[in-house]
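Dear colleague,

Please find below the structure that I am handing over to you, together with its sequence. My findings follow it.

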Amino acid sequence: MPPHWMGPTAPPASLADLAATYGRRLGDCIAFPGLINSHDHLAFNCYPPTGSPPYDDFLGWSHDVQANRALVTRIEAIPARLRVQVGLLKNLLWGVTAVADHGGAPVEGPIRVLAPFQDLHSPELASPWRWMAGLGPAVTHLAEGVTVDSRRRALAFLKENLFRRAVAGVHGVSLEGEDFRRLAALVWCPASNLFLFGRTADAAAALRHTQLLFGTDATISAPGTLWDHLRQARGRVADAELFASLTFRAARFWRHTMADDLVIARRTADDPWDAFFALTPADILLVVRAGQPVLVDDRLSAPPGFGRLTVGGEAKHVRMSVAEMLAALRPQLDTAALLSRFGVVAE
């Protein structure tokens, strides 16, 4: 049978072509647009979850990370470009075809790095005058903590946005009610918030006042895969809203064309929403970016030149030089531990 298409619009014509190409090898499956990760720090995905949570706000966590000099020195010795490629691999394995890299720059890779936007980092680490130093949307970490003071700092910073630039506020853990009205979007990163603070933003309240987008953050603060993060988030807002935060709504916000980006995955439940939220990286059979396969399950016969990984017992092939990447990382990292954080079993 053809893949069950998830989404409010008609499936792209390419889906029928892919179904005809791979036929029965796909089995019973679902298909959906390539996912859009609205918040990551690509260069920080070589880190394991770090720190001793829970914290009151991110400043305490940042202090503890910097105090772990042995870890920081070892990771930062890896060339930045290589660390970014690790972040791209992580996202690709999870079905992401576009990612907003906070503080990064556009790079070439199998998935798109969204740009441009202005990185203001946070009220704590950016001067208010920077509101006037750029054009287009601004992205800033806001209220990344559980204290009244964290909320106060966020609201004071937003008050300095005199030109009313569109703001994507990341985290927003301590924001309340109509606070969210000040944002063009809340980028919700529940796994990172729950790890660091034991609490996350009120996403349902945010939806009453602004758009909701979804982000994974980096592994330094967010254990588990994207699919684990989604299961943590499910039930806090409607399934359709959570899906939109990763797909159509995110595409509109970032002005990203996603017509030729899609994912086909094994179906493991009768209900389409249950099937989607039950996914793991092992269930992803095909990721297509701009009409070209960038991840292919072993059963579908990978194009030549793809790198091979075993994900949850299933061989996957990605359009990246995996062997060279891992060889370059091994002097500094336990690559088996690194890959396990992405859902990969080392071979």
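Leaving aside its neighbours within four places in sequence, Gln85 is in contact (heavy atoms within 4.5 Å) with Glu108, Met320 and Met325. Please note that this is a predicted model, in which local features need pLDDT of at least 70, side-chain atom pairs count only at pLDDT 80 or more, and totals for chains, interfaces and linings use all residues. Residues are numbered from 1 along each chain as its sequence is written, and side-chain values use heavy atoms, with hydrogens and water left out.

Gln85 belongs to helix α4, residues 80-93; helices (H or I, at least four residues) and strands (E, at least two) are DSSP runs, numbered from the N terminus. With a relative accessible area of 12%, Gln85 is buried, a term that stands for under 20% relative accessible area, with exposed over 50% and partly exposed in between (1.4 Å probe, protein chains only). The side chain of Gln85 also reaches the backbone oxygen of Glu108, at 3.3 Å.

Burial also marks helix α9 (residues 239-246), where six of the eight residues are buried, so this helix is largely enclosed by the rest of the structure. The buried residues of α9 are Asp239, Leu242, Phe243, Ala244, Ser245 and Leu246.

Turning to helix packing, α6 (residues 190-197) and α8 (residues 226-233) meet at an angle of about 75°, and their axes are 8 Å apart. Axes are lines fitted to C-alpha atoms, for helices over the stretch in contact, and angles run from 0 to 180 degrees between N-to-C directions. The two helices α6 and α8 are therefore roughly perpendicular to each other (65 to 115 degrees; under 35 is roughly parallel, over 145 roughly antiparallel and the rest oblique). Pro190, Ala191 and Leu194 of α6 make the contact with His229, Gln232 and Ala233 of α8.

The model also holds an open sheet of five strands in the order β6-β7-β8-β9-β10, with parallel pairing; two strands pair if DSSP finds at least two bridges between them. At the edges stand β6 (118-121) and β10 (211-214), each with a single partner strand, so one side of each is left without a neighbour in the sheet. On average, neighbouring strands of this sheet are turned by 25° against each other, direction ignored. Within the sheet, β8 (residues 167-171) and β9 (residues 185-188) pair in the parallel sense over three bridges, and Ala168 stands opposite Ala185 in β9. Helix α5 (residues 148-159) lies across β6, β7 (138-142) and β8, and runs at about 160° to β7.

Yours sincerely

Note on methods:
Polar contact = N/O pair within 3.5 Å; in protein donor to acceptor, adjacent residues only side chain to side chain.
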